[in-house]
Amino acid sequence: MIDPQFEGKASDVLHGLIFDFLLVTDGRTTDLLEMLLNEKMIVHVVRQEQIGEEDANLMGESSGGPYYIRESVLIGENSRFVVSHNIALVYSKHVPPALFEKIAHQQEGIGKAISSLGMRTFRKVADSGFMNEAETVDLFGRPIKIHFSNLQNKVPYKRYFIYFGRKPGIQILEYFHPSIIGHRLQQGMTKEQSNKE
């Protein structure tokens with residue numbers, strides 16, 4: 001019989017390893033989440049709109065717009081579990097037109113759109129870590145309400161840039177549900193139980 005204290009520590013180590021990898025990877029986060037949760041992720045766009053020059057100036061950018069802000073959530077296709085809450089700032093001048101058109105249609109995640117077009121990109125992680133729900137902000141430093149239920153732990157986040165050339169075309173801030181691992185374990189235990197019956 002496994003010692004429950006050891007089992008708890010092992011679970012904490014696994015949780016830490018997975019989030020460490022999720023927060024530093026410069027690969028496609030959606031692919032990693034789909035593999036981790038063993039289900040397809042669907043994107044739900046909460047809002048997408050052009051922003052004014054004033055907001056662009058807050059980002060240290062000016063002229064060469066337009067700039068678009070896109071707020072979305074990734075949801076497990078079968079479980080309907082909200083896995084991440086994402087905010088993207090699109091610098092249209094530095095994004096290939098075919099990708100910009102796909103983003104405007106709001107039909108798929110940005111990473112999936114890039115992949116489906118076969119585009120070469122470079123991603124650079126600018127910041128990552130954990131914060132309390134009350135500290136969550138958008139890319140302009142304004143407080144936001146993230147779309148997660150039953151939050152009991154600090155929220156993991158990652159902010160990064162996607163380059164299509166020498167200048168970044170998209171900046172993304174992703175908040176991940178801190179219960180991703182627990183959700184996946186629960187799915188596995190439920191499936192195992194139903195197989196026994």
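N38 counts as exposed because its relative accessibility is 54%; the cut-offs are over 50% for exposed, under 20% for buried and partly exposed in between, as relative accessible area with a 1.4 Å probe and protein chains only. N38 sits in the loop between α2 and β1, the strand of residues 41-51. Its phi is near 55 degrees, which is positive in a residue other than glycine. R80 is also not a glycine and has a positive phi of about 65 degrees. R80 is in the loop that runs between β2 (67-76) and β3 (82-91).

A word on the basis. This is a predicted model, in which local features need pLDDT of at least 70, side-chain atom pairs count only at pLDDT 80 or more, and totals for chains, interfaces and linings use all residues. Residues are numbered from 1 along each chain as its sequence is written, and side-chain values use heavy atoms, with hydrogens and water left out.

Now the overall layout. The protein has six helices and six strands, taken as DSSP runs numbered from the N terminus, with helices being H or I of at least four residues and strands E of at least two. The order from the N terminus is α-α-β-α-β-β-α-α-β-β-β-α. Of its 197 residues, 40% count as buried.

Next, E174, in strand β6, residues 168-176. E174 does have a polar contact of 3.2 Å, side chain to side chain, with Y160. That term means a pair of N or O atoms within 3.5 Å; within protein, one must be able to donate a hydrogen and the other to accept it, and residues adjacent in sequence count only if both atoms are side-chain atoms. Beyond four places in sequence, E174 touches several residues, including T29, H85 and P156, where contact means heavy atoms within 4.5 Å.

T29 is in helix α2, residues 29-37. T29 counts as buried because its relative accessibility is 3%. Its contacts outside four places in sequence are L22, K158, Y160, E174 and F176. T29 and G111 are 82 residues apart in sequence, but their C-alpha atoms are 7.9 Å apart.

H177 lies in the loop between β6 and α6 (180-196). Buried or exposed? H177 counts as buried, because its relative accessibility is 3%. Its side chain reaches the backbone nitrogen of S179 at 3.0 Å.

Last, the packing. The largest nonpolar core has 18 residues, and I51, I69 and L173 are among those with the most contacts inside it. Such a core is a set of buried Ala, Val, Leu, Ile, Met, Phe, Trp, Tyr and Cys residues joined through side-chain atoms within 4.5 Å. Strands β2, β3, β5 (155-163) and β6 each give two or more residues to this core, and the largest share, four residues, comes from β5. Apart from this core lies another of 14 residues, among them L23, L37, F81 and V83.
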